[in-house]
Amino acid sequence: MAPTAASAATGDGPCTPDASTGCVLGTLKQADGEPAVGVQLTVEGAGETVQVATDDDGAWSVPITTAGAYTVTIDPQTLPEGETLRDPSTTSRTVNALLNSQSRVLFALGEPTSSGPTATPTSGASAGPTAAPGDEPGTDAPASSGSGVTGKRVAQQLANGLVFGLLLALASVGLSLIYGTTGLSSFAHGEQVTLGAVLAYTFVQTLGMNVWVAALVATLCGAATGWLQDAGLWRPLRRRRVGLTQQMIVTIGLSMVLQYLYQFIYGGGRLRIDTSNPDPVRIGPVTLTVQGLVSAGIAIVVLAGVAVFLLYSRTGRATRAVSDNPALAAASGIGVERVIRIVWIGAAGLAALGGVLVGLYFQSTAWNMGGTVLLLMFAAVTLGGLGTAWGALAGSIVIGVVAEMSSLVIPSDMKYAGALLILILVLLVRPQGILGRRDRIG
């Protein structure tokens, strides 16, 4: 345990992870969303014991210098008057903490439930989704099976699903456009999502940028990598008439290389782009965070901009023409290669932006986040209709809502499996997807 643990634990300053330091931390919120101030917790691990009290924002943090298992115990006697643990039988949680990362430990406050706590990003208020893409078991509070279904919980999960669906759509639309214009299913598209998130983390935590300025710069850098990919890899392969199957295998190899490159650079732990405590916002029975609302607003504006571009701009109409029939588009005088280059740039930029916003919404990112999100993106694109931007948007909303709503009745660790099951059932009834067109065979 770090020698300075006592000062950080008492709220003299937030813990900041670096190469030699990790952080065990959390935030306690009362049932009405107000901070739970002065609550005592004990952190044990690495042969040391440190006591910590929540500050005026309900936050606490303890720096560590040795990776390993740490047990956090809350003292129920110090909870604010009238507050209780949602699961009174569980006053301790164990987290596997790593250096250069933040390990959150969550305790939910509210009326006790009969089957355990509900894991939420901020204790006492469901201000976001129950689990982040790329999370590893044991790095956070355990997931529950979503017991105690109430109208409030249904509204909360529906709101979470809509926000997550919008963020997922940013990456899915680009993936769909790439497939529509080139016929290529890019398995490296998930790593473009991770790239945006880790670049934003670097800009904020290393260079000290404002989080939204960092998001813009990360998006531009992501778009630049789209140009580099097409100019240095995909266009030469197309000119050599390499088949789509071989190109798809190249994307799988590229995905693996990038994943382990991210792990080598950033480590295997979770990374927080913004280490400040998110402010909750209540909208009727729903509680979201300011970052979640801003991220959803940005996603809506950007998706609307993409729609306007595709419908009304000359390049957008050319993109739709190439997606419908590349040979006929080329015969009509449209520069197919130029359109494909623009699609790669735009798709990579959208994926990077989606990665930043997903990282902010889930309050963490990781080296393998893109791999987890990739399955959902393919599900959204297939569900909506292969090659159609509108289908990708519709499919993303469906996948996001189903994934979050399913955690009401099944363990949150399995919620993405529920979304993929819906995909299978829909395709059995409508193989072309929601907005796809039937293809005549034979």
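Start with leucine 170. Leaving aside neighbours within four places in sequence, leucine 170 is in contact (heavy atoms within 4.5 Å) with Ala299, Val302, Leu303, Leu350, Ala351, Leu353, Gly354 and Leu357. A caution on the source: this is a predicted model, where local features need pLDDT of at least 70, side-chain atom pairs count only at pLDDT 80 or more, and totals for chains, interfaces and linings use all residues. Residues are numbered from 1 along each chain as its sequence is written, and side-chain values use heavy atoms, with hydrogens and water left out.

Now the cores. A nonpolar core here is a set of buried Ala, Val, Leu, Ile, Met, Phe, Trp, Tyr and Cys residues joined through side-chain atoms within 4.5 Å. Buried means under 20% relative accessible area, exposed over 50%, partly exposed in between, with a 1.4 Å probe and protein chains only. The largest core has 58 residues. Leu167, Leu168, Leu170, Val173, Met377 and Ile399 touch the most other members. Helix H2, residues 151–182, gives the most to this core: 13 residues. Helices (H or I, at least four residues) and strands (E, at least two) are DSSP runs, numbered from the N terminus. Another core lies apart, with 21 residues, including Val39, Leu41, Val62 and Tyr70.

Leu41 takes us to strand E2, residues 40–45. Leu41, Val43 and Gly45 point to one face and are buried. E2 runs antiparallel to strand E3, residues 48–53, with six bridges. Strands pair if DSSP finds at least two bridges between them. Glycine 45 has glutamate 48 as its bridge partner in E3. Two residues separate the strands in this hairpin, and alanine 46 takes a positive phi near 55°. E2 also pairs with strand E5, residues 68–74, antiparallel, over four bridges. There, leucine 41 partners isoleucine 74.

Last, aromatics. Rings of Phe, Tyr and Trp (its six-membered ring) pair if their centres lie within 6.5 Å; planes under 30 degrees apart count as stacked, over 60 as edge-to-face, the rest as tilted. The count is six pairs. Phenylalanine 187 and phenylalanine 378 are tilted, 4.9 Å centre to centre, with 40° between the planes. Phenylalanine 187 sits in the loop between H2 and helix H3 (189–205) and phenylalanine 378 in helix H10 (residues 369–384), so the pair ties together parts 191 residues apart in sequence. Phenylalanine 187 is partly exposed, at 28% relative accessible area.
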